[in-house]
Amino acid sequence: MKSKTRIHYANRLEPVLQWLASHPDAAPELYHLADLACLSPYHFHRVYRALMGETVNATMLRLRMHQASVDLAGARSMQQVAQRAGYTSQAAFNRAFGAVFGMPPGRYRHARSRPFNPQELGMYPTTIESFAGASLVTLAHSGDYQQIGMTFDRLFLLASSRELIGPATRSFGVYYDDPDQVPVDQLRARAGVTLPDERDVDTAVFEPFSLPATPCAVLEYIGPYSEIEAAYHWLFSEWLPASGYETRDFPMWEEYVNDPKVTPAAELKTRIYLPLV
């Protein structure tokens with residue numbers, strides 16, 4: 001597929017991703033999605049799979065299983081969590097959730113509902129590294145940090161169509177606010193990927209952003225994104241007070257080492273960067 005053609009189709013699919021992100025509980029209807037993309041319903045699914053690397057159903061399964069893992073930390077009943085994930089059968093939901101998270105939803109809920117105890121969690125591997133800096137192309141994300149996955153899907157769709165994605169591409173999320181202190185609808189973040197050398201940024205589509213060259217405390221977290229706040233709590237309540245370091249006046253960022261489309265949730269690897277003076 002020629003570059004201009006890829007950009008053309010990527011631009012057509014972006015409204016579809018925006019609709020899927022804002023309607024996670026809805027059942028996607030072929031003719032509606034095809035209409036959003038201005039594509040024939042006879043060809044929509046093939047175009048989507050070719051550019052996204054997965055089917056619409058696979059995208060929705062990722063979204064819904066992630067949302068279910070977040071819901072399990074709240075007050076919704078197990079039946080309500082299953083229904084929001086698109087399952088009328090509790091048994092079917094249990095099987096699907098277990099395949100993604102490696103444990104049934106009941107056991108996952110029990111683990112998530114316990115109060116945070118840094119001593120019980122033990123230590124997360126944390127090292128001091130000299131970050132070399134990085135130039136990114138980004139899309140802004142506002143609202144719940146747990147919903148940034150679809151912003152990354154849009155970013156990869158638009159960046160790959162412009163041949164900005166390659167074997168050396170690194171993926172970063174930049175988070176400006178503390179979700180324990182700032183209302184969810186006011187949270188600000190960026191989804192970003194590294195910009196290849198000597199490539200210009202299409203500022204009509206992306207926002208350029210630079211991560212500084214700076215020393216950082218780097219915490220390596222392995223597990224579902226929905227549980228990552230425990231690592232942040234440990235970093236600030238245990239590691240930082242004992243470290244002797246001062247934080248830099250710059251937001252934290254995360255680097256996503258493996259692909260959530262093909263990696264089980266329990267094996268997702270995230271590097272959390274705390275910039276230091």
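**Strand pairing and helix packing**

In strand S4, Ala-191 is the bridge partner of Gly-173. The structure is a predicted model, in which local features need pLDDT of at least 70 and side-chain atom pairs count only at pLDDT 80 or more, whereas totals for chains, interfaces and linings use all residues. Residues are numbered from 1 along each chain as its sequence is written, and side-chain values use heavy atoms, with hydrogens and water left out.

Strand S3 (residues 171-175) and strand S4 (residues 188-194) pair in the antiparallel sense over five bridges, where two strands pair if DSSP finds at least two bridges between them; helices (H or I, at least four residues) and strands (E, at least two) are DSSP runs, numbered from the N terminus. Contact means heavy atoms within 4.5 Å, while axes are lines fitted to C-alpha atoms, for helices over the stretch in contact, and angles run from 0 to 180 degrees between N-to-C directions.

Elsewhere, helix H4 (residues 56-71) packs against helix H6 (residues 90-101) at an angle of about 95°, the axes being 11 Å apart. H4 is therefore roughly perpendicular to H6, a term that covers angles of 65 to 115 degrees.

Technical notes: Parallel < 35°, antiparallel > 145°, perpendicular 65-115°, else oblique.
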